[in-house]
Amino acid sequence: MNDDADQQHLTANPGYAQGQLAKAFTTALTHEDADTRRRAEGRVTRWRAVLAGMSGGLLSIGSRTPVAGLPAWVTPEAVHGGFATGTPGAGGPLQPYETRLAERFGVPADRRALFAHCLTDPGLAWLWGQLNSGRYEVTVPEEGALLTMAWLVRHGETAAALDLVAELEPFADQLRFLPRPSAGRPASDASDALHRRTVSDTVDRLVRRRPNAAVETQREALAVWQPFGDELLVHWLETAGGEGGRVLELVPDAGWLARGSALLSRYRQLADEHTHCGKHRNPKENLGILRGVLEETVAGRALDARRLGLLRHAVASMVRRRGLPGSAPHTELRRVQRAQAALPSHHALAQVLVGRLAGLPQESGLADLAPVLAPVSEPEEQATGLPAGAQLPPVLRRVIEGALSAPVATLVERGVVPSAEVLAALVPRLVAVTTARSYDDPALRTLMAANYRAFRNRRSLLLLNLERQVRIEELPWVRAVAAQRGDGSAEAALLLRQLGELAVRGFPGTILPNPLVRELGVLARQSQLGAPLVEELAADIFMDAFGPKFLVAAGIAGELLGGSLYERYYGIDYAAIRELAIAEASESAGRGRADRARPRTSPGFARLCAERATAASSAPDRSKSGSSSGSWVAANGKVIEQSQILTTHNLATLVHRVGIAPEPGWADLARRCFGTVCRLAARVHRNPWPYPTIKDAAYAWRQLVFHLSLCPPAEQRRVLDELDAEAARHPAHVTARLAPALAGLRLVADGGTFTPDGTADGSRARRLLGWSTDGHWLATDPTAVETKDS
């Protein structure tokens with residue numbers, strides 16, 4: 001680690017953009033789906049803009065101001081990986097609503113004319129009407145700028161309004177600053193209920209469902225062709241003698257031939273009407289044989305011995321398998337099959353759901369699922385032909401449940417929110433409500449909530465050189481009304497604690513994803529709890545440097561975990577970290593003004609992480625484990641992992657500063673983390689590239705050690721016994737893989753220690769980490785090694 005790391009300047013490599021362009025171009029040319037090709041064509045256009053901007057000097061990828069001439073607050077259009085295209089998110093051609101407003105206002109259809117009109121009395125009156133009604137949408141934050149200006153004017157904040165106009169005016173011809181009028185319900189900032197999908201989104205999903213070809217084929221076979229096959233079999237059995245219905249001789253009379261001809265005519269009609277199942281056309285199938293021989297016989301052609309033998313075999317086989325038509329076993333079988341064939345198709349039931357949802361508000365969720373999930377009613381039976389009382393299958397129920405509008409804890413409990421990533425996508429709406437409640441004026445509260453939601457749709461940029469993403473308070477129109485905010489610290493602290501508990505309780509073996517960390521970080525700043533939350537750093541752009549909050553977070557972890565199982569297991573000296581924090585704080589206080597203007601880092605914390613990563617490098621059995629990467633990315637990953645270990649990646653901060661206390665307790669969370677570890681260890685088996693899975697298992701293991709460390713010693717021992725028993729219930733390769741990790745945890749719990757490389761002298765016990773540059777012991781199948789040695 002170099003103390004001058006914060007003076008380095010990195011730039012983005014265009015090779016990534018070129019690879020993404022090639023990938024999108026191939027998809028646009030070759031994919032079989034037209035919609036997919038069309039989307040890929042859009043990606044081709046955007047990636048070409050990225051490369052052109054990089055080569056022409058218009059774009060500075062890696063900077064928080066990537067587009068020349070545009071300030072940081074302008075929402076950038078960004079593609080995968082955080083590459084800006086050069087087009088502002090609020091730019092591009094005039095939107096239809098802008099054209100309609102220009103016509104309504106009687107001004108030229110260009111953005112500068114619209115901007116100028118909104119500074120006149122009629123324009124302000126229109127904006128005030130929007131504020132009063134709440135019937136507007138803000139899809140990018142810029143669309144709330146002129147509404148904010150109008151609010152300032154209405155409340156006598158003329159100087160602030162003029163300053164805001166002066167800052168926006170240079171971009172009036174490029175960016176849309178007007179809100180989108182909405183005919184729907186007024187925007188609201190009051191509800192704590194959330195939903196993953198709107199009713200409209202749910203209807204779209206149901207409409208896109210198509211009949212399942214395999215299911216419809218089976219339904220047709222049961223409802224049409226098997227009953228017809230029975231009729232053919234009965235017809236042939238009229239020629240049979242002896243036991244078992246064996247066809248002996250063919251001496252058909254005129255009546256038999258006439259009935260056979262009628263059967264063949266009906267067959268042709270059925271084949272024209274029912275086209276899903278083609279098995280009846282196969283001349284080697286029993287039904288095909290009975291039908292084919294009947295056609296020959298009705299046509300007057302004599303059957304040779306081979307064809308007669310095929311007929312006899314087909315008849316005997318059908319009778320042997322299902323019994324004689326009309327017998328008790330055969331009748332019961334056909335009854336069950338008719339009931340199965342009569343079950344409504346998922347496609348048909350989906351259309352019933354579409355009808356139920358059609359009359360509901362489309363841009364919200366469903367507060368009550370019961371009426372939508374009810375069985376088919378008698379009026380619906382009359383309208384659709386589906387049987388009254390038919391139940392909805394689980395697959396359709398899950399689609400509807402995705403629109404449930406309820407408190408986020410309820411959504412997690414019911415499985416509507418299945419992961420921390422999905423939770424992270426919903427949380428901004430709650431944070432928007434909490435942030436907006438600190439404004440006293442109702443109209444401003446609604447506007448700021450809409451603005452926050454739009455801001456959270458802004459894609460993060462790829463940032464280098466320790467730059468940070470733009471924060472919402474940097475937007476000029478948010479800054480202009482900052483004085484209107486009251487003290488919302490108590491409410492922010494409450495929501496932070498609730499969401500922290502929900503994330504840790506709901507997904508205990510999962511690292512908190514960066515989007516969720518960012519939202520919790522907003523609440524942490526508002527709550528003034530002194531709770532620094534740290535993001536997961538990307539190994540491929542890591543600069544060997546950490547911001548100061550990492551050292552602060554590690555100090556908080558030391559306050560909670562000093563002397564604990566966690567500190568001993570990972571070989572941490574939290575007292576030394578405390579001394580390091582004091583030294584760096586003193587050094588920072590003595591810096592000159594010019595030094596304080598540079599991006600701040602914690603060189604001591606970076607050195608410590610690098611030293612710990614180097615000490616953990618030595619690992620036996622490398623030749624058996626293969627190589628996880630051996631690259632600089634893996635080397636970076638090892639350093640980043642040590643930072644996560646030292647800080648507990650926000651767990652200690654949430655517990656010690658925020659005060660989370662998830663139910664039913666730390667021991668339960670430790671057990672659930674181990675369940676995740678076991679599941680991930682099972683995926684390592686025979687996996688040609690197991691290292692991402694191993695990394696995730698190490699995340700879950702770290703959570704386990706943390707939760708276990710908060711349990712009393714007696715409870716720790718009891719949980720360790722339970723983990724050993726749980727491991728033994730899994731396949732042998734899982735039990736064997738995790739045995740060294742469990743032995744290592746018990747070793748430390750009993751007062752033992754690891755050597756610096758994470759092993760134990762004279763023992764198979766090992767410390768479980770995720771990243772490795774020279775192979776990982778968890779990648780080796782111990783059961784295979786033992787078999788070979790034996």
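In this predicted model, helices H6 and H7 are roughly antiparallel to each other. H6 spans residues 145-154 and H7 spans residues 158-168. Their axes come within 8 Å and cross at roughly 155°. That angle exceeds the cut-off, since angles over 145 degrees count as roughly antiparallel. The crossing of H6 past H7 is left-handed. On the H6 side, the contact involves Ala 145, Thr 148, Met 149, Leu 152 and Val 153. On the H7 side, these residues meet Thr 158, Ala 160, Ala 161, Leu 164, Val 165 and Leu 168. By class, the contact of H6 with H7 holds nine nonpolar residues, two polar residues and no charged residues.

Helix H9 covers residues 213-237, and helix H13 covers residues 328-342. The axes of H9 and H13 come within 8 Å and cross at roughly 145°. H9 also passes its partner, H13, in a left-handed crossing. H9 contributes Gln 218, Arg 219, Leu 222, Ala 223, Gln 226 and Asp 230 to the contact. H13 contributes His 330, Arg 334, Gln 337, Gln 340, Ala 341 and Ala 342. The class count for H9 with H13 is four nonpolar, five polar and three charged residues.

Backbone geometry was considered next. Glu 663 and Pro 664 are joined by a cis peptide bond, with omega about 5°. Pro 664 sits in the loop between helix H31 (651-658) and helix H32 (666-684). The loop between helix H30 (632-647) and H31 holds His 649. Phi of His 649 is near 40°, a positive value in a residue other than glycine. His 649 counts as buried because its relative accessibility is 3%, where the cut-off is under 20%. Asn 650 lies in the loop between H30 and H31. Its phi is near 85°, again positive in a residue other than glycine. Asn 650 is likewise buried, at a relative accessible area of 1%.

Cys 673 takes part in no disulfide, and the nearest cysteine sulfur, that of Cys 711, is 11 Å away. A disulfide would need the sulfur atoms within 2.5 Å. Cys 673 is buried, with a relative accessible area of 0%. Cys 678 is in no disulfide either. The cysteine sulfur nearest to that of Cys 678 belongs to Cys 673, 11 Å away. Cys 678 also counts as buried, at 0% relative accessibility.

Key
Residues are numbered from 1 along each chain as its sequence is written. This is a predicted model: local features need pLDDT of at least 70, side-chain atom pairs count only at pLDDT 80 or more; totals for chains, interfaces and linings use all residues. Side-chain values use heavy atoms; hydrogens and water are left out. Buried means under 20% relative accessible area, exposed over 50%, partly exposed in between (1.4 Å probe, protein chains only). Axes are lines fitted to C-alpha atoms, for helices over the stretch in contact, and angles run from 0 to 180 degrees between N-to-C directions. Helices (H or I, at least four residues) and strands (E, at least two) are DSSP runs, numbered from the N terminus. Angles under 35 degrees count as roughly parallel, over 145 as roughly antiparallel, 65 to 115 as roughly perpendicular and the rest as oblique. A crossing is left-handed if the near helix is turned anticlockwise from the far one by less than a right angle, and right-handed if clockwise. Contact means heavy atoms within 4.5 Å. Ala, Val, Leu, Ile, Met, Phe, Trp, Tyr, Cys and Pro count as nonpolar, Asp, Glu, Lys and Arg as charged, and the others, Gly among them, as polar.
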